[in-house]
Amino acid sequence: MNSTVEVRQIKTIEELEKVQQLEKAVWGDPAIPIHQTLTAIKNGGIVVGAYENNQLVGFSYGFPGFLNGKPYLCSHMLGIDENYRGQGIGEFLKKEQKNAAIEMGYDLLTWTYDPLESVNAFLNLSKLKAICSTYVKNCYGDMKDGLNQGLPSDRFQVEWWITNPYIEEIHQDDLAAIERVPYMQTADGLPQLADVDPSSFFNREALLIPVSNQFQQMKKDYPELALDWRLKTRELFESLFANGFAAVRVVKTDDEPVHYYLLKKRDLLPVERRPFK
């Protein structure tokens, strides 16, 4: 991360006004009211900001959740100024959020993201070591912002077990020995997921599932192909998660138009399970 960027918690109305401005710049939608974010902060929520020369360039916002008698932090929103993306700020915001959450007594953070956005996937699973076995179909309905419009808003809901040694460990796998779900290439040289039967993989202990490494561009230029990816991966992930798998890593490639999700049987992972559906 840029050494001139400072990451710290946000707690005042004046700071939250800057968060509102950045939120609107990132998504274009009306921002969350300050009375809501301020109330969340005073009742177990956490807002973290990234600053360069006292200018807010990124933020993360989370509020308390509660399920089956146990609390967790719902990390609802992370936004970064477009001029500061790709500098590792998102990772540092999440880690500062984690530290604050541990101090407050949380052991679990959860949030959602589009599973076909490989940049976000790599941050969430490979860098932070969150895991996912919850697929939410059309999670937010028909979204109109520039990043999401045009496709069903399917989401992964990840679990980040922030006090578990699992997230600090180095995980190595013999990727060459793990079966890969096949993809084809269209006449334009773009990847297209093959038609497969998810049940044919249920007896595996691990599996690699491809996703396009340029999904935003595909959505703009080839929306029908983007929808094909959405529907085929939806069927795969829903079926595999329902049969005991969890997504644990994203494997980047240099010589293919895809990256790969690594899925493993959840009962092989040293983490508990809180079903969100």
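Helices (H or I, at least four residues) and strands (E, at least two) are taken here as DSSP runs and numbered from the N terminus, and two strands are said to pair if DSSP finds at least two bridges between them. The model is predicted, and local features need pLDDT of at least 70, side-chain atom pairs count only at pLDDT 80 or more, and totals for chains, interfaces and linings use all residues. Residues are numbered from 1 along each chain as its sequence is written, and side-chain values use heavy atoms, with hydrogens and water left out.

Strand E1 (residues 5-9) pairs with E2 in the antiparallel sense over five bridges, and Gln9 has Val48 of E2 as its bridge partner. Val48 also has a bridge partner in E3, namely Ser60, within an antiparallel pairing of E2 and E3 that runs over seven bridges. These two strands, E2 and E3, form a hairpin with two residues between them, and Asn53 in the turn has a positive phi of about 55 degrees.

Strand E2 (residues 46-52) is mostly covered, since seven of its seven residues are buried, where buried means under 20% relative accessible area, exposed over 50%, and partly exposed in between (1.4 Å probe, protein chains only). In a regular strand the side chains alternate between the two faces of the sheet. Both faces of E2 are covered, with Ile46, Val48, Ala50 and Glu52 buried on one side and Val47, Gly49 and Tyr51 buried on the other.

From E3 the chain continues into a further hairpin. Strand E3 (residues 55-67) runs antiparallel to strand E4 (residues 70-80), to which it is joined by 10 bridges; two residues lie between these strands, and Asn68 in the turn has a positive phi of about 50 degrees. Phe63, which lies in E3, stands opposite Cys74 in E4. Phe63 is partly exposed, with a relative accessible area of 27%, and, not counting residues up to four places away in sequence, touches Ala40, Gly45, Tyr72, Leu73, Cys74 and His76, contact meaning heavy atoms within 4.5 Å.

Leu73, one of the residues touched by Phe63, has Leu109 in E5 as its bridge partner. E4 and strand E5 (residues 108-113) pair in the parallel sense over two bridges, and together with helix H3 (residues 89-104) they make a right-handed β-α-β unit. A crossover is right-handed if, with the strands pointing away from the viewer, the path from the first strand over the helix to the second runs clockwise.

The packing of side chains can be followed through the nonpolar cores, each a set of buried Ala, Val, Leu, Ile, Met, Phe, Trp, Tyr and Cys residues joined through side-chain atoms within 4.5 Å. Of the 70 residues in the largest of these cores, Phe156, Ile209, Tyr261 and Leu263 touch the most other members. Helix H6 (residues 223-242) gives the most to this core, with seven residues. A second, separate core of 16 residues includes Ile10, Val19, Val26 and Tyr51.

Helix H6 has 20 residues and reaches 28 Å from its first C-alpha to its last, close to the 28 Å expected at 1.5 Å a residue, the expected span being 1.5 Å times one less than the number of residues. Its buried residues include Leu225, Trp229, Leu236, Phe237, Leu240 and Phe241. Among the contacts of Phe156, not counting residues up to four places away in sequence, are Phe237 and Phe241, as well as Trp111 and Tyr261. Just after H6, Gly244 takes a positive phi of about 95 degrees.
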